[in-house]
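Please look over the chain shown here before reading the notes that follow. They take up ring pairs, a sheet and the packing of helices in turn.

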Amino acid sequence: MERGGPRMKTVRRESITEEFECNPCDPVPGVPTGGARVKVYYAGACYTDPQVFRSGQKRLLMPGVQDTSLFPGFEVSGIIDKISAVVAARSDLGLSVGDRVIVYPTCEEQTEDGYSEYIVVKDATQLIKIPDSLDMDIAAMLPCGGLMAYSAVERIKPFVSERLSQSTNDIVNVLIVGAGGLSLWVLKLAEHYLGDNSHRVRITVADSNIDKLHLAKEEGCYDVIEWKDELHEEYIAMRIRNVCKGGVDVVIDFVSSSRTVSRTLNVLKENGILIVGGNSKFEVPIDLHTLALKSQSILGVHRGTYAQLAQLVHLVASEQIRPPKFRTFPVEQANLVFQKLSQSKLFGRAVFRVFDDGDNSVFFHENASRILGSDFDDFEDHDCQCSSPDCFCGRRRQSSSSSSSTTGQAQTSTVDVGSPVDAPIFTL
């Protein structure tokens with residue numbers, strides 16, 4: 001740490017069961033050898049794996065949170081504030097102060113307890129530069145949620161391609177369990193990769209929350225199925241088979257609980273595959289005899305690779321893939337945002353704006369299409385009470401007082417950027 005040096009704002013909590021607290025005067029961290037310091041502008045509203053594991057829960061036992069992969073890790077976008085001499089001397093990295101970057105989320109780079117205006121990246125090779133055409137708030141969603149969905153799609157692509165090549169008339173039925181942020185990313189990725197074959201691949205989304213299912217339908221899925229816990233299992237299976245015309249070829253289970261795995265295996269066709277992912281730690285009993293008899297496969301999917309993240313950045317920046325809908329909030333409202341998430345009153349993704357220096361050109365490019373809304377009028381502006389002129393909230397108050405359009409309420413944004421691509425890079 002730089003003693004007596006500049007200070008930064010942090011919004012932290014010790015565990016997922018506690019409230020966030022604002023500290024406006026934490027020291028700005030120094031830069032390690034081989035690393036860099038990043039000024040964080042945007043961060044996804046998510047739980048880190050260590051936080052979930054420390055809670056001792058099998059999965060997030062919070063009301064309304066069914067998709068355990070809504071919060072797969074820590075995801076940020078920002079600008080390189082300082083680099084070590086070792087990094088500066090490495091021409092192969094091509095990194096400079098002022099570069100717009102995201103961080104590939106290795107376990108070491110995850111910030112476990114909250115959000116900070118500056119983070120230290122110990123290994124600068126984990127940084128990925130983002131082009132000016134990619135908005136910073138969208139970029140913040142790519143390292144975790146976007147990447148994990150991309151990794152799941154990459155897992156099923158060979159299987160789907162093979163099924164489509166076997167017959168010109170066959171339909172491939174894909175079932176996604178959980179209508180959270182990951183599912184919405186899969187729908188957007190499928191829109192790009194399927195191209196002319198989109199009518200032959202039917203993606204159905206299952207969830208217990210009807211509002212999330214409505215959003216999934218808006219984002220382009222073929223059909224939705226409400227999985228209420230009180231419904232009889234045989235009725236749910238019958239409903240799936242009716243929608244999927246006999247059974248499911250591919251399941252992507254972003255909940256991965258004992259119940260969801262049991263349900264999906266019950267409707268999985270012969271030679272079908274089940275992709276499991278998420279933060280759950282359930283031990284699931286599986287009938288190996290039935291699995292072998294039907295030649296079914298179970299594959300795990302986790303974070304995705306650095307190369308996949310770099311490719312995803314390119315696809316989104318060039319508007320070949322459109323991001324799912326999301327909303328942005330000031331980081332001071334972290335407690336309210338997570339409360340809304342836990343109550344299933346916030347749909348799509350939530351992104352926090354962490355650092356605000358008044359230069360909006362850093363965040364948005366000219367062609368971005370945004371629709372500002374006020375869906376959450378009870379999200380009141382919540383600044384901390386520190387008096388430091390260097391604190392984030394002090395700068396924010398000063399900016400707000402000089403703006404005639406300030407209403408005292410936080411803005412929420414619903415974003416849908418880009419247009420469908422005419423010629424996808426990969427065609428199934």
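**Aromatic pairs**

The count comes to 2 aromatic pairs. The model is a predicted one, and the points below are grouped by topic.

- Tyr104 belongs to the loop between strand 5 (100-103) and strand 6 (114-116), while Tyr306 belongs to helix 10 (residues 306-317), so the pair ties together parts that are 202 residues apart in sequence.

- An open sheet is formed by 6 strands in the order 11-10-9-12-13-14, and their pairing is parallel.
- Strand 11 (223-226) and strand 14 (297-300) stand at the edges; each has a single partner strand, so one side of each is left without a neighbour in the sheet.
- On average, neighbouring strands of this sheet are turned by 20° against each other, direction ignored.
- In general, strands of a sheet pair through backbone hydrogen bonds, either parallel or antiparallel.
- Strand 13 (residues 268-276) and strand 14 run parallel and are joined by 4 bridges. Ile273 stands opposite Ser297 in strand 14.

**Helices on the sheet**

- Helix 5 lies across strand 9 (172-177), strand 10 (201-207) and strand 12 (248-253). The direction of helix 5 is at about 175° to strand 10.
- Helix 7 (residues 233-243) also packs on the sheet, where it touches strand 9, strand 10, strand 11 and strand 12. The direction of helix 7 makes about 175° with that of strand 11.

**Helix 4 with helix 5**

- The axes of helix 4 (residues 142-166) and helix 5 (residues 181-194) come within 9 Å and cross at roughly 55°. The two helices are therefore oblique to each other.
- Helix 4 passes helix 5 in a right-handed crossing.
- On the side of helix 4, the contact is made by Leu142, Gly145, Gly146, Met148, Ala149, Tyr150, Val153, Glu154 and Lys157. On the side of helix 5, the contact is made by Leu182, Trp185, Val186, Leu189 and Tyr193.
- The residues of this contact between helix 4 and helix 5 divide into 10 nonpolar, 2 polar and 2 charged.

**Helix 4 with helix 10**

- The axes of helix 4 and helix 10 come within 10 Å and cross at roughly 100°, which makes helix 4 roughly perpendicular to helix 10.
- Helix 4 brings Leu142, Pro143, Gly146, Leu147, Tyr150, Ser151 and Glu154 to this contact. These meet Gln308, Leu309, Gln311, Leu312, Val313, Leu315 and Val316 in helix 10.
- The residues of the contact of helix 4 with helix 10 comprise 9 nonpolar, 4 polar and 1 charged.

**Helix 7 with helix 8**

- Helix 7 and helix 8 (residues 258-267) pack at an angle of about 50°, and their axes are 10 Å apart. Helix 7 is therefore oblique to helix 8.
- The crossing of helix 7 and helix 8 is right-handed.
- Glu233, Glu234, Ile236, Ala237, Ile240 and Arg241 of helix 7 make the contact with Arg259, Arg263, Asn266 and Val267 of helix 8.
- The residues of the contact of helix 7 with helix 8 divide into 4 nonpolar, 1 polar and 5 charged.

**Phe347**

- Phe347 is placed in the loop between helix 11 (334-342) and strand 16 (349-353).
- Leaving out residues up to four places away in sequence, Phe347 touches Asn209, Asp211, Lys212, Leu215 and Arg327.
- Phe347 and Ala179 are 168 residues apart in sequence, and their C-alpha atoms are 9.2 Å apart in space.

Key. Residues numbered from 1 in each chain as written. Predicted model: local features only at pLDDT ≥ 70, side-chain atom pairs only at ≥ 80, totals over all residues. Heavy atoms only, no water. Axes fitted to C-alpha atoms, helices over the stretch in contact; angles between N-to-C directions. Parallel < 35°, antiparallel > 145°, perpendicular 65-115°, else oblique. Left-handed = near helix turned anticlockwise from the far one by under 90°. Contact = heavy atoms within 4.5 Å. Nonpolar A, V, L, I, M, F, W, Y, C, P; charged D, E, K, R; others polar. Pairing = 2+ DSSP bridges. Phe/Tyr/Trp six-rings, centres within 6.5 Å; stacked < 30°, edge-to-face > 60°.
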